[in-house]
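Student: Can we go through this one together? I'd like to start with the sheets and then get to the packing.

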Amino acid sequence: MKSILVTGAAGQIGVELTQALREKYGAGNVVATGYNRQPLNELKQTELYCRLDVRDASALNQIVEKYHCNTIFHLASLLSAVAEAKPLEAWDTNMNGLINVLEVARTHSCAVFFPSSIGAFGPETTGLNTPQDTIQRPKSLYGITKVSGELLCDYYFHRYGVDTRGLRYPGLISNKALPGGGTTDYAVDIFYAAVKNRHYDCFLRADTQLDMMYMPDAVNAAITLMEADSARLKHRNAFNITAMSFTPEQLAAEIQKHLPDFKISYRIDPVRQAIADSWPRHMDDSAARAEWGWEAKYDKATMVKDMLEQVTVKLN
Ligand code: AKB
């Protein structure tokens, strides 16, 4: 029987992953925790929501002991743009949070899911069909914490046998909780602006191509990886996964198929543009497909249609 702890449960991935985990394993078996953000009502429905600063090892330990947790989905982290603005805080939260999770996992025999990112790559990496195993020299602080996180998770697996597993997520598009300060946030913001004002001022250049994924696929990937037969996993930390790859211009053109009067303009943020320019345009995710059966359900067209429907309902 799984008893799950989710950190960062009020965040962009956390809200939807927690709901999916509660549907799959039972609401009483999934403890949601968060720190900075107010949790959505759905998360507070049961008493299983706790405020937790992942940097507080003793508080984390108490929750794992109290609820007899055996699996941790560790999502709490500062995203790329915020991390550039607050590098020390990002290092503290992303690295000390992770080592606290790995330590509690080691002492209480928990499995750990850790989300890495396209941010774990840098400008020296091949940007098209980025291989699973390749050079990783990210230039953003966020990326440095992601590579270090991948290595630390590997270390805890090889040294202590902790069942660590991870994914390199591309930009994630969702409509429940907003992303909190990432470089790929434009691909979420654009839908709210399109539905509300029929206009979006994009902070990345028109031709900035990046890997992307719709949240239902991202949630499904995390759960499927954690359920996968451990003997088949050669690349535990972390697997490249992707679902689609597009530029702001191409995304706007897809939105215009539904909202013909929608217009996009560009006001470039140099910090986020530099980060985006250093990330892969399209990763090779064949290792994930071979080792645990990864397959995305949504492409650009089906994601855009669903996002516009969901955001329209939300804003009305
Ligand atoms: C970000 O933009 O920081 C994240 C990511 C791709 O890791 N969405």
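**Sheets, rings and core**

Tutor: Fine. This is a predicted model. Strand 5 (residues 111-117) and strand 7 (residues 164-169) run parallel and are joined by 6 bridges.

Student: Which residue is the bridge partner of phenylalanine 114 in strand 7?

Tutor: Glycine 166 is the partner of phenylalanine 114.

Student: And what packs on the sheet there, touching strand 4, strand 5 and strand 7?

Tutor: Helix 5 (residues 87-108) does, and its direction makes about 175° with that of strand 4.

Student: What is the strand order of the open sheet of 7 strands?

Tutor: The order is 3-2-1-4-5-7-11, and the pairing is parallel. Strand 3 (49-51) and strand 11 (239-240) are the edge strands, each pairing on one side only. Helix 3 (residues 57-66) also packs on the sheet, where it touches strand 1 (4-7), strand 2 (30-34), strand 3 and strand 4 (71-74). The direction of helix 3 makes about 150° with that of strand 1.

Student: Back to strand 7. How many of its residues are buried?

Tutor: 6 of the 6, so strand 7 is largely enclosed by the rest of the structure. Thr164, Gly166 and Arg168 point one way, while Arg165, Leu167 and Tyr169 point the other way, and all are buried.

Student: How many bridges pair strand 7 with strand 11?

Tutor: There are 2 bridges, in the parallel sense. Leucine 167 has phenylalanine 239 as its bridge partner in strand 11.

Student: Switching to aromatics. How many aromatic pairs are there?

Tutor: The count comes to 9 aromatic pairs. One of them joins tyrosine 186 and phenylalanine 203: the ring centres are 6.4 Å apart and the planes stand at 90°, so the pair is edge-to-face.

Student: Where do those two sit in the chain?

Tutor: Tyrosine 186 is in helix 7 (residues 186-197), and phenylalanine 203 is in the loop between strand 9 (199-202) and strand 10 (210-214). They are 17 residues apart, and the pair links distant parts of the chain.

Student: Is tyrosine 186 buried or exposed?

Tutor: Tyrosine 186 counts as buried, at 0% relative accessibility. Phenylalanine 203 is buried as well, with a relative accessible area of 7%.

Student: Which residues do ring pairs link into a cluster?

Tutor: Phe73, Phe113 and Tyr169.

Student: What about charges: which ring does the charged end of arginine 236 sit over?

Tutor: The ring of phenylalanine 157, at 3.9 Å from its centre. Arginine 106 lies over the face of tyrosine 160, 5.0 Å from the ring centre.

Student: Now the largest nonpolar core. Which of its 40 residues touch the most other members?

Tutor: Ile173, Tyr186, Phe191, Phe246, Leu251, Ile255 and Met303. Elements giving two or more residues to this core include helix 6 (141-160), strand 12 (244-246), helix 9 (248-256), helix 10 (270-277) and helix 12 (300-315). Helix 7 gives the most, with 9 residues.

Student: What does alanine 194 touch, leaving out residues up to four places away in sequence?

Tutor: Ile255, Leu259 and Phe262. Alanine 194 is placed in helix 7, and at 0% relative accessibility it counts as buried.

Student: Last topic: what is the order of the open sheet formed by 3 strands?

Tutor: The order is 8-10-12, with mixed pairing. Strand 8 (171-173) and strand 12 stand at the edges with a single partner strand each, so one side of each is left without a neighbour in the sheet. Neighbouring strands of this sheet are turned by 40° against each other on average, direction ignored.

Student: How do strand 10 and strand 12 run?

Tutor: They run antiparallel and are joined by 3 bridges. Methionine 212 has methionine 244 as its bridge partner in strand 12. Helix 7 packs on this sheet, touching strand 8, strand 10 and strand 12, and its direction makes about 25° with that of strand 8.

Note on methods: Residues numbered from 1 in each chain as written. Predicted model: local features only at pLDDT ≥ 70, side-chain atom pairs only at ≥ 80, totals over all residues. Heavy atoms only, no water. Pairing = 2+ DSSP bridges. Helix = DSSP H or I, 4+ residues; strand = E, 2+ residues; numbered from the N terminus. Contact = heavy atoms within 4.5 Å. Axes fitted to C-alpha atoms, helices over the stretch in contact; angles between N-to-C directions. Phe/Tyr/Trp six-rings, centres within 6.5 Å; stacked < 30°, edge-to-face > 60°. Buried < 20%, exposed > 50% of the residue type's maximum accessible area, 1.4 Å probe, protein only. Lys NZ or Arg CZ within 6 Å of the ring centre and 35° of its normal. Core = buried A, V, L, I, M, F, W, Y, C linked by side-chain atoms within 4.5 Å.
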